[in-house]
Amino acid sequence: MAAIVLIDGTNGERLPVKPAYGSPCNGCGYCCATQACGVALDHIPGHPAEGACQALERDGERFVCGMIRRPGHYMGLPNDWADGAIGGMIADALGAGRGCDAEF
Ligand code: SF4
Ligand code: SF4
């Protein structure tokens with residue numbers, strides 16, 4: 001039987017399973033891989049209205065928000081000097097750290 005080529009970039013690693021709504025976020029990435037949020041749609045030039053977020057980044061065994069980590073990269077800014085301030089505002093707007101808000 002021929003080998004099945006993995007195309008999801010995980011190399012077959014086990015990633016976190018989505019926890020229940022309201023539980024601490026474990027970085028499973030399910031929410032952002034299912035549908036990009038308003039931050040992405042409003043601030044990433046040309047982002048498609050449907051589908052996974054282009055700013056979803058993998059960091060070890062979890063996924064993180066690239067718009068918090070390095071917003072200038074995704075917004076097309078000429079440098080990264082404002083990443084800390086903008087990323088902090090985005091983290092507040094998204095409610096980062098307040099638990100899983102994905103009800104699906
Ligand atoms: S908010 Fe929920 S679905 Fe989204 S990454 Fe965190 S645990 Fe996963
Ligand atoms: S901008 Fe961040 S929180 Fe919003 S969908 Fe993309 S990765 Fe998720």
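Let me begin with the core: the largest nonpolar core in this predicted model has 13 residues, and those with the most contacts inside it are Ala40, Cys53, Ala55 and Met67. Helix α2, strand β2 (62-65) and helix α3 each supply at least two residues of this core. By a nonpolar core I mean a set of buried Ala, Val, Leu, Ile, Met, Phe, Trp, Tyr and Cys residues joined through C-beta atoms within 7 Å, where buried means that 20 or more other C-beta atoms lie within 10 Å of a residue's own, exposed means 12 or fewer, partly exposed lies in between, and the C-beta atoms are placed from the backbone.

A word on conventions: because this is a prediction, local features need pLDDT of at least 70 and side-chain atom pairs count only at pLDDT 80 or more, while totals for chains, interfaces and linings use all residues. Residues are numbered from 1 along each chain as its sequence is written, with chains lettered from A and ligands numbered from 1 in the order in which they are written.

The protein chain holds five helices and two strands, in the order α-α-β-β-α-α-α from the N terminus; these are DSSP runs numbered from the N terminus, helices being H or I with at least four residues and strands E with at least two. Of its 104 residues, 17% are buried.

What surrounds ligand 2? Its shell, meaning residues whose C-beta atom, placed from the backbone, lies within 6 Å of the molecule, includes Ala40, Cys53, Ala55 and Met67, and α2 (38-43) and α3 (66-69) each supply at least two of the shell residues. That shell divides into eleven nonpolar, one polar and no charged residues, with Ala, Val, Leu, Ile, Met, Phe, Trp, Tyr, Cys and Pro counted as nonpolar, Asp, Glu, Lys and Arg as charged, and the others, Gly among them, as polar.

Around ligand 1 the shell has seven nonpolar, three polar and two charged residues, and among its members are Lys18, Cys25, Gly27, Cys100 and Asp101.

Turning to the strands, β1 and β2 run antiparallel and are joined by four bridges, where pairing requires that DSSP find at least two bridges. They form a hairpin with two residues between them, and glycine 60 in the turn has a positive phi of about 65°. Strand β2 has a covered face, Phe63 and Cys65, and an uncovered one, Arg62 and Val64, and Phe63 is the bridge partner of arginine 58.
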